[in-house]
Structure formats: C-alpha cells, structure tokens
Amino acid sequence: MDWDDMRVFLTLARAASLGRAGQVLKMDPATVGRRIARLEARLGQRLFQRSHQGYALTEDGLRLLPHVEAAQAHLRAAETPSDSGSGLSGQIRLGAPDGCANYLLPQVIANICAEHPALEVQIVALPRVFNLSRREADMAIGVSAPQAGRLSVQKITEYHLHFAAARDYLDRHDPITRVADLRGHQLVGYIPDMIFDSELDYLARLDLPAAQMTSNSVPVQLNLLRQGGGLGVVHDFALPHAPELQRVLVKAFSLTRAFYLIRHADDRRNTRLGQFADALRRGMCAQVRQLEGAVLQAELPAQAISENP
C-alpha cells in the first residue's frame, strides 16, 4: 500500500475538507480528491461520506484510520534520532469546552509546545461534546465522564465555581448575603436548550427566576458580567482574566466540577498521544491551582478588613 496515499487519507480525515487538507499537504484540492478516489478504488471501499458539510469518515474509513495512525507513529519513531530525547512532534487536535479553551489551555499548551518545538497543537474550542469515534479530535476534554462508546476516560482535575458580578454593579445595589437575595437581580447564564451537559446547568436547583441574559459561550457570559449585566456563575480559574469581577456568596454557594480527558480506546497504545496526555494533565492541574490560588490571595485583604473593622 502506498504510504503517500495513506498520508492524504489521514490528512483529509482530520481536516474534513478538501480545501483544508490541500493547504496542509500543499496540494490542489482537486488533486486531494483524485488521490482519495484512487485509494478508494484500489481498496474497493468508500472511505468518506461527502456532504455540503465536508468529508466524514464512513465505517470503512473509521476501521482504516487507527491502522494508518499507528503506521504514522511507527514511521515517526523510526525517523527520530536516538539522541533526540523524548520530544513530541507532529499534529495533535484537542477538543475542549470554550471556557477551558479560553482560560486554561493557552498557557498550558504554550508551555508544552515550548518544550516540544516540533509539536503542532490545534485547540478546537466548542461548547459541545466531541465525537471521537468520528475522529473530530485526537482527544477531548469533557465536564463529565462519558458512559458509552469505546473510550478511555481519566479525571484531570477538579475546579470550582461561584456567583460573581462586576464591582460597580455590586456598588449600585444592596449587599447580597444569601442566595434568596439574587431574586432581585438580573442573572446571566446558559441558553437552556443549548446546555450540552447537565453538569453545566448551574441554576437548575436554585429557586431563582430564569436568567435574563444568556449565551452558549462562557466568554460571552463573562463579558456580560464584566459590563455590569448582573450576576452569574463563574469558573474561579477565569476570574484572574476578569479583574472587574468579584465573587459573592462564597460560603453560601459553591460548585465543584471536574475536567476529564477522553480518548479513543484504540489510542491507548499510542505512545505519542500518551506522552502528550500526561503533559496536558500535569499542566492543567498546575494551572487550575495557580489561578484559583490567585483568586483566594486577592480576596485576603478584603476578608481581613471585614473581619477586623
């Protein structure tokens, strides 16, 4: 089997578009299409389902994909000089919720890539669950552990959430001392029918009116709060990125959630992905501790003043 054709197949499987695959391969999109058609004719299998949304792997394509990925990993290992150490190389696509992708991953991935200059990491930030069986990503970060599918799941780290609002908003209103006080305020939250995981339905168990300003995007919600739109539940690790915000009801309301690293079961023996996953877990744990610690440290002076008037 011609490895060059396999390389075209692998690139299109990841790009899902003739145009994007052509950019990676430095080929004309029509050439990519012809190469795939030739490969399908040679194998007697249809590897891609064509639609207006792009190219999606068929069942035959999904069966072929892990074998091609394993062959690529072996080739890269054979080409790596023995004295090159444990450096990572090649492309890895990581799917993540947009809150994690915006406020945690940039520093983590920048550090990993600084240690591994030959590594290319693509962060796909979308507020939804990724389909690893369709190879939408090499691995994904989720806010709950999937219970179905041929997946390998490992808990990365816990994180915390609290109500927060802009300081100028709080200055314009009476002090908020209990959850019931929130009934007199505008709330910011998720669009109810676009909550893709029940772990994100933060307001469901509270006897509060529906949020008046909503978005399926965590950064949009954060920016609504920064503009004085009201109160909302915020990741503690996002607060250092929004110094205008202040936590409220810290003792009365607190949520603990977790991030999970989700990989396809066929990738368990992939040394390269395993090494990247280990670095990702270590980096995320450290970043959450650092950012949440910064929030606590920033609140200490205010707490000391309130305790010692």
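**From a loop to a helix**

Mentor: Leu-249 lies in the loop between strand E10 (245-248) and strand E11 (255-264). Helices (H or I, at least four residues) and strands (E, at least two) are DSSP runs, numbered from the N terminus. The model is predicted: local features need pLDDT of at least 70, side-chain atom pairs count only at pLDDT 80 or more, and totals for chains, interfaces and linings use all residues. Residues are numbered from 1 along each chain as its sequence is written, and side-chain values use heavy atoms, with hydrogens and water left out.

Leu-249 is not a glycine, yet its phi is positive, about 55°. Most residues other than glycine have a negative phi. Leu-249 counts as buried because its relative accessibility is 8%. Buried means under 20% relative accessible area, exposed over 50%, and partly exposed in between (1.4 Å probe, protein chains only).

Arg-178 sits in the loop between helix H7 (167-171) and strand E7 (187-189). At 52% relative accessibility, Arg-178 counts as exposed.

Lys-26 is another non-glycine with a positive phi, about 60°. Its place is the loop between H2 and H3. Lys-26 is exposed, at a relative accessible area of 78%.

Now the helix. Ala-16 follows H1, with a positive phi near 60°. Of the 13 residues of H1, 10 are buried, so the helix is largely enclosed by the rest of the structure. Among them are Met-6, Phe-9, Leu-10 and Ala-13.

Take H2 (residues 18-25) next. H1 packs against H2 at an angle of about 130°, with the axes 8 Å apart. Axes are lines fitted to C-alpha atoms, for helices over the stretch in contact, and angles run from 0 to 180 degrees between N-to-C directions. H1 and H2 are therefore oblique to each other. Angles under 35 degrees count as roughly parallel, over 145 as roughly antiparallel, 65 to 115 as roughly perpendicular and the rest as oblique. The crossing of H1 with H2 is right-handed: the near helix is turned clockwise from the far one by less than a right angle, whereas anticlockwise is left-handed. In contact (heavy atoms within 4.5 Å) are Arg-7, Val-8, Thr-11, Leu-12 and Ala-15 of H1 with Leu-18, Arg-20, Ala-21, Val-24 and Leu-25 of H2. By type, these are seven nonpolar, one polar and two charged. Ala, Val, Leu, Ile, Met, Phe, Trp, Tyr, Cys and Pro count as nonpolar, Asp, Glu, Lys and Arg as charged, and the others, Gly among them, as polar.

H3 (residues 29-43) packs on H1 at about 115°, with the axes 10 Å apart. That makes H1 roughly perpendicular to H3. This crossing is left-handed. From H1, the contact uses Asp-4, Asp-5, Met-6, Val-8, Phe-9 and Leu-12; from H3, Val-32, Arg-35, Ile-36, Arg-38, Leu-39 and Arg-42. The contact of H1 with H3 has seven nonpolar, no polar and five charged residues.
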